[in-house]
Amino acid sequence: MDLDDQADSVRTREDFVQFLADALADLQNRPEDWENVTLENFLEAWGAWVGSMPGWCKNQGKELPDQPDWNLLAAMVMAARIYE
């Protein structure tokens, strides 16, 4: 399963922990697939994406949640790896 599919299938805390370990391995093995390879750039992109999340939710046909779930956290990580 590729990282995108894995992110889509995150439902539990345990799924998220495994996803983060696999995301780290992906970054180490394929940094060319990551726009934001430093912690500084990654966190900046994550914050920017969360700020734009209402538009993302609208485009996905979803309501903006009051509280994120494990799946949304995984989506945030995936977005932050490439968000500019």
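Predicted model: local features only at pLDDT ≥ 70, side-chain atom pairs only at ≥ 80, totals over all residues.
**Exercise 1. Overall shape**

What radius of gyration would a compact globule with 84 residues have, and what does the protein have?

Residues are numbered from 1 along each chain as its sequence is written, and side-chain values use heavy atoms, with hydrogens and water left out.

*Solution.* 
- Step 1: The radius is taken over C-alpha atoms, and the globule rule is 2.2 Å times the number of residues to the power 0.38.
- Step 2: For 84 residues, a compact globule would come out near 12 Å.
- Step 3: The protein has 13 Å, which agrees.

**Exercise 2. Counting the elements**

Find how many helices and strands the protein has.

*Solution.* 
- Step 1: Helices (H or I, at least four residues) and strands (E, at least two) are DSSP runs, numbered from the N terminus.
- Step 2: The count gives 4 helices and 0 strands.
- Step 3: Along the sequence, this reads as α-α-α-α.

**Exercise 3. The two sides of helix 2**

Work out which residues of helix 2 are buried and which exposed residues sit on the face turned away from them.

*Solution.* 
- Step 1: Helix 2 covers residues 13–29, and its 17 residues reach 24 Å from the first C-alpha to the last, close to the 24 Å expected at 1.5 Å a residue. The expected span is 1.5 Å times one less than the number of residues.
- Step 2: Buried means under 20% relative accessible area, exposed over 50%, and partly exposed in between (1.4 Å probe, protein chains only).
- Step 3: By this rule F16, F19, A23 and D26 are buried in helix 2.
- Step 4: Seen down the helix axis, these buried residues fall within an arc of 75°, so they line one face of helix 2. The arc is that of the directions from the helix axis to the C-beta atoms.
- Step 5: The face turned away from the buried side carries the exposed residues Q28 and N29.
- Step 6: The cover over the buried residues of helix 2 includes helix 1 (3–8) and helix 4 (70–80).

**Exercise 4. A closer look at W49**

Is W49 buried or exposed, and which residues does W49 touch?

*Solution.* 
- Step 1: W49 is found in helix 3.
- Step 2: With a relative accessible area of 5%, W49 is buried.
- Step 3: Contact means heavy atoms within 4.5 Å. Not counting residues up to four places away in sequence, W49 touches W56, L72, M76, A79 and Y83.
- Step 4: Take M76 from that list: W49 and M76 are 27 residues apart in sequence and 7.4 Å apart in space, C-alpha to C-alpha.
- Step 5: A79, another of these partners, is found in helix 4 and is buried too, with a relative accessible area of 12%.
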